[in-house]
Amino acid sequence: MVKVENVYKFFDGKEVLHDITCQFEPGKTNLIIGQSGSGKTVLMKCLIGLYEADQGTIFYDKRDFSNMSKKERKYMRQEMGVLFQGGALFDSMTVKENIMFPLIMLSNETASEKNDRVDFCLERVNLKDTHELYPSQLSGGMKKRVAIARAIALNPKYLFCDEPNSGLDPKTSLVIDELISEITHEYQMTTIINTHDMNSVMAIGETVSFIFEGKLWWQGSNKDILNADNEELNNFVYANKFVHQFLSKK
Amino acid sequence: MNIFSIVNNGEKTEKAVHLNIVERILHDIGDYLLLMKRFFSKPENGPYFRKQLVDEINGLCIDSLLIVSIISIFMGAVITIQTNLQIENPLLPTWTIGFVVRQSIVLEFAPTIISVFLAGKIGSRIASEIGTMKVTEQVDALETMGINSASHLILPKIVACTFINPLLIIIGIFLGLLGGWGACEFLGTIPSSQYIEGIRSWFLARDIYYAIFKTLTFAFVIASVSGYWGYITKGGALEVGKTSTKAVVNSSFMILLLDLLLTELFLG
């Protein structure tokens, strides 16, 4: 479980996150939604330690991440897998080397165990026979799947996904959503996903946190979201006229 | 409004401040020193570091061998012809030209001019490589894995450059002198026997040590300054281009400044 308590973040005196308190459950896909510039990426960067929260605390299963020493954080980070918006695959490495990289740097497994793990991860994301390809030779969806394979290489307890569907067509988005959801349930990970894609919300949003202007505005599940009595959330959910008309007819 | 990034322990914050040119320079130096503290740390994985080192030696330095050789040969020949044209004094023996050419090549041309050239070739490569990794979140990916990204990306480049650039410069000295001999032998600038006598006259090993010391200093500057500019890149492709240019300009300027200081310190 990841717990956020009274987190504030400022940039140049401007408040970007205001008193965020929420928790993300293990074995569930926890979505953070909000429009661009609402602060959801900043919150995720605070969670993974790329930004320091100016106030407040972040707990990973009762371990206080905010006050950990550098060394403790280093070990803590090995329990995290992160899927970045663009995949963030290392251009100079093949698919195999990309997935192997965290294993080489951070695990004590033997070479054959590492190879087996790479094969397993690639198989898990339905990408066989791509070992020797470079990221530039992959499609957008394949890149995301390789990035997921790399994120799960060390068998993390916590998986963070920043806009996993950005730049993907609806069908591929669905494949990625389902894959993340399957992995989450299979390994009982605490998965936190940043998104503004309502298709993802409806498909895999077991818990949903809506952030608006740096504040946590609403929390619930995808089952409650369409009936929520919250103006800002409704404006976000029904921003698309087509969706609005479709849901009104239903 | 100038936007600077502060690099400290993996935390990247932005400070939008109004600074004058002196404050900007001091700010950049401060950032550079903070980053230096981060990249001088023990590599995460020894065998992987050695692999990176071999790749960097190959990519950054060995790839420069051909162009350094060509420049050295031609510059050696041109310096010989120019020196011969400038020293037309019947009181000076002809072999003086060989001596002047050797001193020019060993003391200045090979260590300084080739280093300035390498600042362009290697520096832009380092800055654009790291800058692209930065804007495509590859550096963030390293940080989230618990890896010191500054050390992982910049340290192998610094070690590779300080290890191999002196070798490149020694090759440059040899080929420069060979180029001068070629000008004498094939263009008839001066008799080649006189040239050889000149390059053998009053030879001091200290000059070679001085050239190597300068090269080591310049190699460190090229890799670390370019690494710094690459590491603080923010934005997209346009910013990667801008920081690459800044890396080349700043490392070239630093090389020339240090050349002046070292020459005054050791030979002045």
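Across the interface of chain A and chain B, three residue pairs are in polar contact, with both partners at pLDDT 80 or more. Keep in mind that this is a predicted model. The two chains also share two salt bridges, and putting them together buries about 2,200 Å².

**Where chain A meets chain B**

- Chain A puts 27 residues into the contact, and chain B puts in 23 residues.
- On the chain A side, the elements that give two or more residues are helix H1 (40-48), helix H2 (70-77) and helix H3 (95-106).
- H3(A) provides the largest share of that side, with five residues.
- Sorted by class, the side of chain A that touches chain B has 14 nonpolar, three polar and ten charged residues.
- Carbon and sulfur atoms give 59% of the area buried between the two chains.

**Salt bridges to look for**

- Side chains of opposite charge can pair when their charged atoms come close.
- Chain A has one of its own, between A:Arg73 and A:Glu52, where the closest N and O atoms are 2.6 Å apart.
- That A:Arg73 and A:Glu52 pair links distant parts of the chain, since the two residues sit 21 residues apart.
- A:Arg73 is in helix H2 of chain A, while A:Glu52 is in the loop between H1 and strand S4 (55-60).
- Over all chains, a search of the whole structure turns up 15 salt bridges.

**Chain B as a whole**

- Chain B contains nine helices and two strands.
- If you read along its sequence, the pattern goes β-β-α-α-α-α-α-α-α-α-α.
- The C-alpha trace of chain B spans about 70 × 45 × 30 Å along its principal axes.

**Two helices packing in chain B**

- Two packed helices are described by the angle between their axes and the distance between the axes.
- In chain B, take helix H3 (residues 65-86) and helix H4 (residues 95-135): their axes come within 10 Å and cross at roughly 140°.
- The crossing of H3(B) and H4(B) is right-handed.
- From H3(B), the residues that meet H4(B) include B:Ile67, B:Val68, B:Ile71, B:Met75, B:Gly76 and B:Ile79.
- On the H4(B) side of this contact, look for B:Val100, B:Val101, B:Ile105, B:Phe109, B:Phe117 and B:Leu118, among others.
- By class, the contact of H3(B) with H4(B) has 13 nonpolar, six polar and one charged residues.

Technical notes. Residues numbered from 1 in each chain as written. Chains lettered and ligands numbered in written order. Heavy atoms only, no water. Axes fitted to C-alpha atoms, helices over the stretch in contact; angles between N-to-C directions. Helix = DSSP H or I, 4+ residues; strand = E, 2+ residues; numbered from the N terminus. Left-handed = near helix turned anticlockwise from the far one by under 90°. Contact = heavy atoms within 4.5 Å. Nonpolar A, V, L, I, M, F, W, Y, C, P; charged D, E, K, R; others polar. Buried area = accessible area lost by both parts, 1.4 Å probe. Salt bridge = Lys/Arg side-chain N within 4 Å of Asp/Glu carboxyl O. Polar contact = N/O pair within 3.5 Å; in protein donor to acceptor, adjacent residues only side chain to side chain.
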